[in-house]
Amino acid sequence: MIRVLKPGLLTTVQDLGRPGYQQYGVVVGGALDAFAARVANLIVGNDDNAALLEMAQTGPDLQFERAALVAWNGGDFEATIGGRPLLRDRAVRVEPGETLSFGVARRGLRAWLAVAGGLDVPLVMGSRSTYRRAGLGGHNNGRPLAAGDRLQAFAPGEWATTVLASLGQREARATVWTVRPETLGPQAPAGTVRAVIGPEWDWFNNDAQKALFASEWEATREADRMGVRLHGPELALHKPREMISSAVNTGIVQVPPSGQPIVLLPSRQSVGGYPRIAAVASVDVGRFTQLRPGEKVRFERMPLAVAFKLQLQRERDLGRVRMGLARLTG
Amino acid sequence: MQITPLGDSALTLTLGDSINESTHRQVQAAWRSLSAEPLPGVSEVTPAYTTVTVFFDTARVVAAGAPEDEVVEWLTARVRERLKNPPKSAKAGKPRTVEIPVCYGGEYGPDLGRVAAQARLFPEEVVKRHSAAKYLVHLIGFAPGFPYLGGLPKELITPRHAKPRMAVPPGTVAIGGEQTGIYPQVTPGGWNLIGCTSLKLFRPDLNPPVLLQAGDEVRFKAITPEEFKRLEEEAR
């Protein structure tokens, strides 16, 4: 029901990933900004884990064969529907035959597009997310979208069907309400991410410990779904020391011998062997999925207890939005 | 045993400070205790050489009763409790022994000569010693189904290539430093390639999706190129 006219630079089907298989070397993966994906799904009445599209830098052109309710968020893309701007962060009705076009990202790098019902691709090892390296999941054995692909969506739920019908009777085809993921929970200032210290913090010398939080870090071109390498002062250990490989997690900041830190993202390997100086708070990991090469970021140190509070606060905010949306058609 | 946070979504249990069989057994026991019946809010438990990592969802841990200010303390106490009283289902079975047929040398193992030169042995002797040893799967990682094997005979230790190959074929058996392993997929790799097996190490259609699991014993069996081709045909 959705025809891919142009695939964009790297557009993949993702959900919240494939947890439970790291013991077999299988990455968790899933939407790089899981919270943004959850909010996109929420706006069209989907479950958190419904499959959606993740796009990077240049988005796809998609032609819808049937009416559908869609929502997108993430970076600032040049998005249009039948030539008119496609508003972000709200539910929009697409008419049969219309084309959604995502051009080039004006700010940020990635965006997520949810379709009411969720994308219908095979469930592989409990997930619909694309795992390119192992050639599995997604819509076609772990491949990004290609021109000519056809995607199916599951039937929308009752809530989405009601919203779709009410938008069909109005001139404006977007809801007046919006849900912006970046407004949920207490926010870090622009250009800043909050972080806690990592398990090998004490291995680093005083200069490194100070520099991590005092310096500006520049995102480099070495960035993909596995992680982002930053450029800045060299972070050195007290003395050379080898680590025995151990599990890593999304947001961990590991430092290879070059002294230049790498922030790990959801498609990270399951184990890593570099000392981990810090960990980005879960609520701020999404910011690394929008950093372009050359953009700068600062780390703000916080106690672990505060990182938990931020997560809980954001979940509570999301819960309130969820209840508010449910009432809209109730 | 130390339990330390790994960011705000995981805890790492450290059970030793060097790679050896006794630490491996402790890691396996702890991993089984924690994964046989998952603790509330825990999404996944992963073993490595000397550590076990418990991944959790903060909101679910709090919903299960953890005070908001003491998420780590609460979960740490549950982990310690669990390790003291492991569930019956966490009992270890007998370790499995998996035999892996390998065609050594030639196009299947272009670095066999390099390993032999390093060890000052004939290539045939390298094959004999590599396939006579008994290996332990310490962990699966790096790529889906990739086993990190302990037990490489000391004389076969060979440094990694300075420049990794761009594409190592699937099934390749390789030596990197003191470690030996098998590449399940085509990936870049800097280890010394000494042979190849036709067995599939990652099988996403099966459960578990891997040929080898942490705790398995592995033995390599040398086969001829003809046998390799026959096995490869059969596997199709």
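1. Which residue of chain A forms a salt bridge with Glu68(B)? The partner is Arg316(A), and the closest N and O atoms of the pair are 3.0 Å apart. This is a predicted model, and the points below describe two interfaces in it, one between the chains and one inside chain A.

2. Between chain A and chain B the count is 2 salt bridges, and the pair of Arg316(A) and Glu68(B) is a salt bridge. Polar contacts join 11 residue pairs across the interface of the two chains, both residues of a pair being at pLDDT 80 or more.

3. On the side of chain A that touches chain B, three elements of chain A each supply at least two residues: β13 (246-247), β17 (276-280) and α4 (304-328). Of these, α4(A) gives the most, with 8 residues. By class, this side of chain A has 22 nonpolar, 11 polar and 5 charged residues.

4. As for extent, 38 residues of chain A and 44 residues of chain B take part in the contact. About 3300 Å² is buried between chain A and chain B, and carbon and sulfur atoms give 62% of that area.

5. For chain B, an unreviewed UniProt entry carries the annotation "domain: Carboxyltransferase" over residues 1-212. In the model, the span of residues 1-212 of chain B is 25% helix and 29% strand. Its end C-alpha atoms lie 27 Å apart.

6. Chain A is divided into two parts, domain 1 (2-179) and domain 2 (192-314). Their centres, taken over C-alpha atoms, are separated by 29 Å. The contact between them takes 22 residues from domain 1 of chain A and 15 residues from domain 2 of chain A. The area buried between the two domains is about 1600 Å², with 47% from carbon and sulfur atoms.

7. What links the two domains of chain A through charged side chains? The rule finds 1 salt bridge across their interface. The side chains of Glu54(A) and Arg225(A) meet in a salt bridge, at 2.6 Å from N to O.

8. On the side of domain 1 of chain A that touches domain 2, the elements giving two or more residues are β5 (68-81) and β8 (99-115) of chain A. The largest share, 7 residues, comes from β8(A). The residues of this side of domain 1 divide into 8 nonpolar, 8 polar and 6 charged.

Conventions: Residues numbered from 1 in each chain as written. Chains lettered and ligands numbered in written order. Predicted model: local features only at pLDDT ≥ 70, side-chain atom pairs only at ≥ 80, totals over all residues. Heavy atoms only, no water. Domains from an automatic or database assignment. Contact = heavy atoms within 4.5 Å. Buried area = accessible area lost by both parts, 1.4 Å probe. Salt bridge = Lys/Arg side-chain N within 4 Å of Asp/Glu carboxyl O. Helix = DSSP H or I, 4+ residues; strand = E, 2+ residues; numbered from the N terminus. Nonpolar A, V, L, I, M, F, W, Y, C, P; charged D, E, K, R; others polar. UniProt positions renumbered as here; feature names shortened; annotations may be inferred. Polar contact = N/O pair within 3.5 Å; in protein donor to acceptor, adjacent residues only side chain to side chain.
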